[in-house]
Every structure is written in structure tokens, then in C-alpha cells.
Amino acid sequence: MAEIRLPRVEQNQTKTRNVPIAVTPEGFWCCPSPVAFQKTLKAQNPLNKPKPSSPPPKFTVQKKQAPITERKPTHIQSRPGIVSDDQRDFGSDTPGHSAPVAAERAPRPKIENLPRKVAIEFGEPGTSDMKVILLGKQGFCVKLSVHKNVLVENSRYIADKLSEQQSGSSSLEIEDCEDVEIYVEIVGLMYCKEIKQRLIKQNVSRVLRILKVAELFGFNSCMQSCLEYLEAVPWVGEEEEKVVSSVLRLQGEGIGVPPVLKRVSSDISKPHKDTLPQIIDLVLKSNAERGRREMKSTVLKLLRENNDLPSYAGSTDICNEALYSSCKSCLNSLLSLFRQAAEPGFADKPISSKEPVVKQIPLEADNLLWLVEILADRQAAEEFALSWAGQLELASLHSKLPIVSRYHVSGITARLFVGIGRSELLPSKDTRQLLLQTWLEPLINDYGWLQNGCRSFDRKVVEEGIGRTILTLPLEEQQSILLSWLGSFLKAGDKCPNLQRAFEVWWRRTFIRPYSEAQGNIFQDSSTTSPVIDLKKHPHE
């Protein structure tokens, strides 16, 4: 076995190494100088990322527990030096040197124990000719040693501020800096030739922070780079709202905002009138069950969201026209299929001839049910209710088809009764009466199959809708329909809708209410003919 020997450390010596740290004592990171940037051409990650993409400025801390016997000065030319007030004099122009770090795994000091002032020097050490002081929250202060020509060239704000001061002034103080970290980074970006490359691998939230401060500085090239970044990277959900609101502020700046906003808005003020009919047509003609089912659910959900928007009211007519056009097409197709299936000898045809018709009937019925659902949500189903009630030929052919082929059609009738019961549609009395006369009996005949064959069928909801629809008619018509239902219910039992609640209401209206009203009238007449007491004759009563 090979022998492993570890070098011995003398008592008065401490092993040191330079550890690159891309943070200031307050947890902020700073941009390297353009020299370092040109070497790396990589974007530096924020503080919360464990592996920065570019070499950060070196900041070394001396360990107090062990004395230092060897010190190797490190001359920093390609990145800004970072020192605290305790380590250097801010008035001095001498370049700062990094100190060695004592322990490899030294624990990070607490924030409250760190200095409240930081000095950062950009460019070649000792060549700066201007001081910029950033005053942040809670007394935090950052002093930047910069080059006046670089800042004036890139920042309209700084150029204007310096022009207001006395000639020869070499310092500028910026108060109330909400995001000092980004202010420092913006100054660093002024030294970079390829700002867009610096933004690579940054997240959208941080770039929006940079964009905001760049706007305050009037740093146009940085703003343009941020917009190019936002135009290229994906953003959805909450990020989308933040991006749009941030970019809209820049419309008056002439910075090339439209490419970013084109992702969420079109040059056309309103959606093209043919788009929605095209989507509906594609969904209705789909033969893939899963795709058709999922897209019907998605389109229905999105249309419901549109209904909640006040500004969407102008597009209601276009949408309703498209829906009713599709309804008409589906009704014509369904009637044609019923005619084919009701022909004499259809049952004797080979399966290859019957199968397309038999499969298409439930598909068209499901399409109509979906369209009715949309119309009911939009409170625009009255016209369809009238059209469906008038499908006398379709209803007459209904009884000639096998129940397994036809029962899906009764689901449309059930949905209309539910809509009337919930006040989602308000058809006229004649329409309600015709609807019950035409389609209630077919619905009763198919009721058992609807319960077992439709996953979305809710018996209690449908029975309540049928009952409420019946109770909207005059009392004589209620009696006629409910007595006819009673005969079917006593024969079929669970295979017939249970309308007992509606039957009870009709019973009370017919047999109890007249006597209650008569008794009330008698009481009212007796109260009006009661003797009047003369208080003068009975002063003590």
C-alpha cells in the first residue's frame, strides 16, 4: 500500500490561498472590468447561484485567530478592487491590494457584523478621476472610483448632473438607491463593450431590475441589450405581466420596444373574425377521441375566461355567429345520419357500411352538446332551444333507431332542461312547451342508457331541470305532462326520471292552494264586516 504523507504546518504559519469572492461585505456582487470581461465573455450569476459563470473580483479576508508570517501582494488590473472603510482611505487614489485568506472553510461572518461602507474601483487601479457615492437603505454606502468620461458617455443622468455642478467637480452623490447592487452593476456594465453577453444566463427578474435602473441612468445601450434579451428568452405567467408592465414604460423612449411586445399583442386591434370559427371547426372535425375531448375542455375554459372580460363584449356577436353556424352544420349532419340509419334494410347491411354511420351519430351529438354548453355559458342558447324544439323529423326518426345508437342525442335535451332550470336560458312559453312535447318522451325512453353510458350525466341535476321546466308552464299543461310521466314512472321505475318533487309542487298548486286561498278570502271578508266599537259609549273599556 502506498504511503500518504501530509506536509506539517508550523505553529506560527498558516496555509493560505486566494479565494475569489464575487460579493461585497453586504452580500452584493460587482462587475469585473472590461479586461476581465473580454477574457471570459461569460455572464456572472447572482448571489444565490453557487457557481458563478465568470471569475469574480478577488476579495480575501485575513483570519484573526492565527498570525500571518507570509504576505504575497496581488495586483488587480482586470477587475475592480473591493475594500471596506477599515482597510483603505477613500480619498486615496492608490490601488487596493487583496489580502490572503487564512482558512479554506472559514465560516461566513454575519451581516450585522460586516462594515456598512464599501469601496469599489473600476478599470486600471489608480487611474480613476471621479467618485460616485451610492446611498442605500439603512445607512449602507458604496463609494465607486470611476472614470468620468466613461460615465458621461453612457449615462444621460450623470452627464446632466455633472453639467449642473461647478466645473472641475469630481464627485457625485446619488441618494435613495433602492437596489444598490444593481446600481453598482450598471456602472460596471458601462465599462463593457458587449452588454448583451453579460446578460446571458441571468434570470428574467434580474434583467428587469437592471432595465429599471438603466432607465433611471439614461443608459440607452444597456436598455437596448435588456430588451434584446427579453425578446429572446421565454417568459410566461407572472413573469409575463412583469415584463409587459416594465417594457410599456419605455415606449416613449424610442428604444425598440415593439419586438418585445409583439409576443403578447398583435398589430390587429381585434382577433381576426375567421380565427374562432377555424378553431371550432378543427375541434368538431377531429376523429381522435382524446385530443377532441381535451381541446373541447380547453376551448370551453378559455371562452369562459373571455366572458368575464368587459372589453370582450364587442366580440360577442362574432363568436355567437360562429357557434350557431357550427350548430346548424352539426344538426344537418345529424339529421342526415338519422335518415340513413332509419332506412329499411339498414340493419341488414354489412358492418363496413353501417359502422361509419353508427360511429358518427354519437360524435355529432357530442359536438352539439359541447356547442350548447358554450352557448349556455354565454347566455345565448335561446335560439338553439327553439331550433331543437322544432326538430320534429329528427324526433320522429329517433324511435326507429336502436337505443344504443340514439341515446347520446337525448343528452342534448337533458342539457337544455338543466339550462332552463338554472335560468341559463330563458326561452318563451311556446318554446318550452314545444320542447317538452317533442323531446321529453324520447328522453324518458333513453334515460336508463344515459345513466349508464354517459360519464358526465348527473341524474339529480337533470331531474331537477326537467321538473322546473315543467313547472314553468300553465297548471293545465303541468297536469297533462306529469300524469303522462306518472304512467311511465310506475312502469319503468329507475329507468325513468324521478320527477316526484315537481309532482308534489303541482299537487299542492292543484289541490291545496285553492282551498288555502278560499279560507284566506273568508277570513278577510269576516274581518272587514266585524262590528266597530263606539268608545264614547264605553269610556272605561
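Helix H7 covers residues 220-232, and its end C-alpha atoms lie 19 Å apart in this predicted model. The buried residues of H7 are Cys222, Met223, Ser225, Cys226, Leu227, Tyr229 and Leu230. Helices that cover these buried residues include H4 (180-189), H5 (195-199), H6 (204-217), H8 (238-248) and H9 (258-261). As a general point, an α-helix has 3.6 residues a turn, so residues three or four places apart point the same way.

A second topic is the packing of two helices. Two packed helices are described by the angle between their axes and the distance between the axes. Helix H17 (residues 429-445) packs with helix H20 (residues 475-492) at an angle of about 5°, and the two axes are 12 Å apart. Angles under 35 degrees count as roughly parallel, and H17 and H20 are therefore roughly parallel to each other. On the H17 side, the contact is made by Gln433, Leu436, Leu440 and Ile444. Glu477, Ile481, Trp485 and Ser488 make the contact on the H20 side. By type, the residues of the contact of H17 with H20 divide into 5 nonpolar, 2 polar and 1 charged.

Aromatic rings are considered next. Across the whole structure, a search finds 13 aromatic pairs. One of them joins tryptophan 388 and tryptophan 439, which are stacked, with 4.6 Å centre to centre and 15° between the planes. Tryptophan 388 belongs to helix H14 (residues 382-389) and tryptophan 439 to helix H17, so this pair ties together parts that are 51 residues apart in sequence. Tryptophan 388 is buried, at a relative accessible area of 0%. Tryptophan 439 also counts as buried, at 0% relative accessibility. The rings of tyrosine 447 and phenylalanine 457 form an edge-to-face pair, because their planes are at 80°, with their centres 5.5 Å apart. Tyrosine 447 lies in helix H18 (residues 447-453), while phenylalanine 457 is in the loop between H18 and helix H19 (459-471), so the pair ties together parts that are 10 residues apart in sequence. Tyrosine 447 counts as buried at 0% relative accessibility. Phenylalanine 457 is buried too, with a relative accessible area of 17%.

The two pairs are set out below.

| Pair | Centre to centre | Angle between planes | Arrangement |
|---|---|---|---|
| Tryptophan 388 and tryptophan 439 | 4.6 Å | 15° | stacked |
| Tyrosine 447 and phenylalanine 457 | 5.5 Å | 80° | edge-to-face |

One aromatic cluster is formed by Trp485, Phe489, Phe503, Trp506, Trp507 and Phe511. Trp485 is also one of the H20 residues in the contact with H17.

Some backbone angles also deserve a note. Aspartate 176, in strand S5 (residues 171-177), has a phi near 55°, a positive value in a residue other than glycine. With 68% relative accessibility, aspartate 176 counts as exposed. Serine 423 lies in the loop between helix H16 (403-421) and H17. Its phi is near 65°, a positive value in a residue other than glycine. Serine 423 counts as exposed, at 52% relative accessibility.

Asparagine 307 is partly exposed, with a relative accessible area of 29%. From C-alpha to C-alpha, asparagine 307 and aspartate 377 are 8.2 Å apart in space, and they are 70 residues apart in sequence.

Terms used:
Residues are numbered from 1 along each chain as its sequence is written. This is a predicted model: local features need pLDDT of at least 70, side-chain atom pairs count only at pLDDT 80 or more; totals for chains, interfaces and linings use all residues. Side-chain values use heavy atoms; hydrogens and water are left out. Helices (H or I, at least four residues) and strands (E, at least two) are DSSP runs, numbered from the N terminus. The expected span of a helix is 1.5 Å times one less than its number of residues. Buried means under 20% relative accessible area, exposed over 50%, partly exposed in between (1.4 Å probe, protein chains only). Contact means heavy atoms within 4.5 Å. Axes are lines fitted to C-alpha atoms, for helices over the stretch in contact, and angles run from 0 to 180 degrees between N-to-C directions. Angles under 35 degrees count as roughly parallel, over 145 as roughly antiparallel, 65 to 115 as roughly perpendicular and the rest as oblique. Ala, Val, Leu, Ile, Met, Phe, Trp, Tyr, Cys and Pro count as nonpolar, Asp, Glu, Lys and Arg as charged, and the others, Gly among them, as polar. Rings of Phe, Tyr and Trp (its six-membered ring) pair if their centres lie within 6.5 Å; planes under 30 degrees apart count as stacked, over 60 as edge-to-face and the rest as tilted.
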